[in-house]
Amino acid sequence: MTLLTTISNDSINDNLKKRFQVGEIYTYIGHVLISINPFRDLGIYTDQILRSYKGKNRLEMTPHVYAIAESMYYNMSAYRENQCVIISGESGAGKTEAAKRIMQYIAEVSGGQDSSIQGIKDMVLATNPLLESFGCAKTLRNNNSSRHGKYLEIMFNHAGEPVGARITNYLLEKGRVVGQITDERDFHIFYQLTKGASQAQRQAFGLQGPDAYLYTSRAGCLDVGGINDVHDFSETINAMNTIGLCGDEQNEIFRMLASILWLGNIVFVENDDGNAQPDDSDTLDFIAYLLQVSRPSLEKAVTCRVMETQRGGRRGSVYEVPLNPAQATSVRDAFSKAIYNNLFEWIVDRINRSLAPTQASDYVIGILDIYGFEIFEDNSFEQLCINYVNEKLQQIFIELTLKKEQEEYSMEQIQWQPIKFFNNKIVCDLIEEKRPPGIFAALNDACATAHADPAAADNSFSQRLNMVSSNPHFNLRGSKFIIKHYAGDVTYNIQQMTDKNKDALLKDLLNLIDESSNPFLQGLFPERPDPNSKKRPPTAGDRIKVSANLLVDKLMASQPSYIRTIKPNQNRSSSEYDDAAILHQIKYLGLQENIRVRRAGFAYRNTFEKMIERFYLLSPSTSYAGDYIWQGDARSGCAQMLTDTGIAKDEWQLGITKAFIKNPETLFALETMRDKYWHNMASRIQRSWRAYLRRRQESAQKIQRFWMSKKEGIAYEKIRTYGHQLLANRKERRRFSLVSQRRFMGDYLDVNGDSPTGQMLSRVCGISKAEPVSFSSRAEILVSRLGRTSKPSPRFVVLTNKALYIVVTTKEGTNVERKILVGAIKGASLSNLQDDFVVLNLGPTEEGDPILVVKFKTEFVTQINRIAGGTVTVNAGPTIDYTKKKDKRAQIKAVKGDISASKPQERINGATYKSHTITIAGGEPASSVSRPPVPRKPRPAKLAAKRGAPRSTAAPRSVPLPGGGGKPALNTPVPTPAARTTPPVPSVHASNPVVAPRAVPPAPAAPPAPVRPARPPSPEKEMWKSIHQFDTQESGELPLEKDEEVEVLNQDASGWWLVKNGSGVEGWCPSTYLNKVPPKPKQPAAPQPPVQRSIPAPPAPVPAPSNEGQASSCSKTKTKTSLKRHF
């Protein structure tokens, strides 16, 4: 409404009326939300609407109470400041509903999936139905009127998650327990209990319908349209369970409520002496049962009063003074009010214990819901206290939005046009001041001097009010006085004010409570007045004044938000709009002054240090790579930052210690720029992260490909190394075994696999899956022949972790010729030459030691020794000892010799065997080492795609943020990376000495050289044309004009290509901006000029053209093809 053309109460009313008629109940005056109670459901509190306000600033969305809640939560999280919302307005204007919606929104958006966090949220929301049942009632103005005030403080941790809460209670209207005006009701809980109690509860507490009790039926209103007491009672029970009230505690609460209802049914009559006497002894008996006291004690407490006299400060005589029926009724009602008031305070304290934070809280959001300004036909002490608190809240509003704002402008030397407004401090001083004494002080003095007789105390109070009659906002009229509040003039009745101010329970009732055997009842009255203390006990006025000042201190310590609620009519009609009543509310809510101040003032202000801490990232002069680099003071840095953001100069001013932003749109623009900065940084991080992931994936794929090709080889290489250690320097090596490092594969016949040969051998040997094969190969075994040299015969050798199988294939089939357990192998003997003979030493056996010829002898012996755990003795020497049969020993010699004269069929793997002698040519020395594997041909390195030119690595020096906000920035400059140099390609003849050029003898005269043919034209470059204009100022990017032709140097997969324009400038541009230029049609080549020839001699014939060049070309092509096939 700050945009209204005419600023007056009537124009404000017209604007509100139009909004009310179209169902738009919310609007703003600056950051103050104005709300009109629609008295109907508009469908604007759904979960979808709630979520739509999450993360949005206030002006992005339509005015709503959710926007205020979002603003508070955001400001708490972003600026690390406590927040509060002050909801003001008269009874029935919608204050309680607004508070509930704020709690609902904060619980929804405050995050935290932990069960304890969710439990806190549930308990905070459960306080609403519980406190509404015990603290709200139906009045003439409102069916759900709050008859107490509460300040809910929700506590949050550093992550913005609720960790606890605390409720402070104010001004419970306990007088409503014992009496209401016509067509009003007692507190909701009494009707809920009497209508919705279970059968067990009815029997235990003697509960009947609400019409059976005087306290609930006196006003003649038992049911209210739109309120379902039975359903609400179940909601109350659920809230008690959520908060953690156990079954015993709930039963004790219901016992106290039943006691209050039955106390109200005690009717006193006069006996013969004119004193009070209960007319129904059964009712008294049942109340004694509920309170767990004796009937005589209860009757005495409500019908007699114990008086004590004092003489000279000493205790005097004690008298029992009987009470008349009127006095006894007052004692009964006082007892009922005390029980209910203390029960309500116990419930609030019990809620606070359940909501106590389990961890340290960092921030607080406070929600104040207190009943509004009240003006009745008969206004008494309760209305004085309520209106006093509302005056204090109005004073906060004036201090923070009107007076303090103008004082701040003057102090900060900001250009400003002062606005006149009504300061209600004079009204607050009239009520609460001690010197000169205010109304509360006069009331306390009257209570202290005339405490015996209430009427005399009221007269004394009336006389003392003459001392404040000089205040222009006070007027005394006999037994009444008038206070000119900010909301209007209110007439207060002096009668019974002093008695209500004392708020002291009779000692007789306290003694009765002490006699009770119910610990819960005794716990409701923990405090007892000290009879020996000369200090005056605090009165109700003292307590409300202390509570109000503490509340003001809490609110002033937080950043406040305001919701001003307006009641459109007194009939709770959804269509009626009472112009006169709303004009009155507009006036006392100060909306007109608020608009004027808002239009002339500044929407936001903060210290230079906090402005820098929040927005320094927006200026390149104040930030570099996230560090604060401004070398000047905070004020100059703030000015530079605001200037660099492009904000108009008339939108901000700099004071002495603070910066002021005129319009909230400007602040939102700064926040949007800050969000975009973080989004940009996040995008850069995401691009870098994706590039890193891509490189990591490519690297992982390379490692995986390498590992897949090497993982098995590594294990085989370990076995090979172990085998070479076994025979190191003991046996000559074959020449071809030194060419490279062969892997010890082991299962060469694929017995572990699915090949036909492997499956056949596995089946013949009876090998199970639990018996893996370590070595399998074709081999030969020496078979003895009678009187002749042993002859080699082919065999299959299969070695498992249990046994060695020697398999033979005959005409009958394939079967196991011999099975040797690994544990039976004592040793393995080999010669020291390069032959392949291996003898397995088994000791004395019937079949003797097998003499095998195995091509992979080293691997074979290594696998046997590995399986046996290194217990097999490996012998290598010029002779091989073995056992032929049982104890018969034999020896085989190994000698070097020429075997070229032997027949090929007599050779066994390059050796001959005859008469126990192995003859073989000499091999490589035993100390020979295998050559390393041949390195693979290196792949050409990929050109790393770079976007933009490399930035300068010389970072400006960073400094800590002013005011010590945030973490100190690092002052270490970015290290300059060392320049890499590409190693030179080694020359092919680098190792050869430089040969001096030979002296060339003079050549004979040569014929004239033929003319050199023309150089073939260079291939045309592929050109690309820009189809759009590309404007950029980023370093490394090349701006292009439309239709400009460029040469593409690198087509990167990211979509950014490195190009060069006609001026030779290189840079990056998006590939989507380029189209390939079609090649120009080739012109027909001009015929070559004739070759200048010398005139040949007549006899010499003209030589025929030769095909040597063509043949050479074909030869080169064939050579390249063969090389490709070879590699």
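Predicted model: local features only at pLDDT ≥ 70, side-chain atom pairs only at ≥ 80, totals over all residues.
Local features need pLDDT of at least 70 and side-chain atom pairs count only at pLDDT 80 or more, while totals for chains, interfaces and linings use all residues. Residues are numbered from 1 along each chain as its sequence is written, and side-chain values use heavy atoms, with hydrogens and water left out.

Strand β12 covers residues 363–369; strands are DSSP runs of E, at least two residues, numbered from the N terminus. Because 7 of its 7 residues are buried, β12 is largely enclosed by the rest of the structure. Buried means under 20% relative accessible area, exposed over 50%, partly exposed in between (1.4 Å probe, protein chains only). Tyr363, Ile365, Ile367 and Asp369 point one way from β12, and Val364, Gly366 and Leu368 the other way. Strands pair if DSSP finds at least two bridges between them. β12 pairs with β3 (residues 83–88) in the parallel sense over 5 bridges, and with β6 (residues 149–156) in the antiparallel sense over 7 bridges.

The model has 28 aromatic pairs. Rings of Phe, Tyr and Trp (its six-membered ring) pair if their centres lie within 6.5 Å; planes under 30 degrees apart are stacked, over 60 edge-to-face and the rest tilted. Two of the pairs are edge-to-face:

| Pair | Centre to centre | Angle between planes |
|---|---|---|
| Trp1024–Trp1057 | 5.1 Å | 85° |
| Phe1030–Tyr1073 | 5.4 Å | 70° |

Trp1024 in β35 and Trp1057 in β37 are 33 residues apart, and both are buried. Phe1030 is buried at 8% relative accessible area, whereas Tyr1073, at 25%, is partly exposed.

How values were computed. Helix = DSSP H or I, 4+ residues; strand = E, 2+ residues; numbered from the N terminus.
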